[in-house]
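Look at the structure first, then read on.

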Amino acid sequence: QVQLVETGGGLVQPGGSLRLSCKASGFNFKDYAVGWFRQAPGKEREAVSCISWQGIRTTFLDSVRGRFTISRNNGENALYLQMDNVKYTDTAVYYCAKGRTVACQNGWDVWGQGTQVTVSG
């Protein structure tokens, strides 16, 4: 069974940091791009960041570039999102997703259940 499970969400103050993790199972993790998406209340889901299969290429939403870092550990089937200098506008449910291919631009076919990030204080 293909599965993605996110952890690490929570409450954080503006300017603080949070690290999200996504554990993958049921497929050859190293052979696919993976990424992070988020959806805030009343808004559409948006792509936050993506990393290609070997971790060579990454993409970022303009509003998080320079503050968020994406990484992956293919040996542990894990994806990470380091969130630094968070802002109120980062409040959302964050989802990890499996790409259809090795690259970030070919769509997504498996989603995790999401983890809530709330910036407040």
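Cys50 is buried, at a relative accessible area of 3%. Buried means under 20% relative accessible area, exposed over 50%, and partly exposed in between, using a 1.4 Å probe and protein chains only. This is a predicted model: local features need pLDDT of at least 70, side-chain atom pairs count only at pLDDT 80 or more, and totals for chains, interfaces and linings use all residues. Residues are numbered from 1 along each chain as its sequence is written, and side-chain values use heavy atoms, leaving out hydrogens and water.

**Overview**
- The whole structure holds two disulfides, a disulfide being a pair of cysteine sulfur atoms within 2.5 Å.
- Count the bonded cysteines in sequence order, and the pairing reads 1-3, 2-4.

**Cys50 and Cys104**
- Cys50 is bonded to Cys104, with 1.8 Å from S to S.
- This link of Cys50 and Cys104 is left-handed, with -95° about the S-S bond.
- The pair links distant parts of the chain, 54 residues apart: Cys50 sits in strand β5 (residues 46–51), and Cys104 in the loop between β9 and β10 (108–111).
- Strands (E, at least two residues) and helices (H or I, at least four) are DSSP runs, numbered from the N terminus.
- Cys104 also counts as buried, at 16% relative accessibility.

**Cys22 and Cys96**
- The sulfur atoms of Cys22 and Cys96 are 2.0 Å apart and form a disulfide.
- Here the link of Cys22 and Cys96 is right-handed, with 50° about the S-S bond.
- Cys22 belongs to strand β3 (residues 18–25) and Cys96 to strand β9 (residues 92–99), so the pair ties together parts 74 residues apart in sequence.
- Cys22 is buried at 2% relative accessibility, and Cys96 is buried at 1%.
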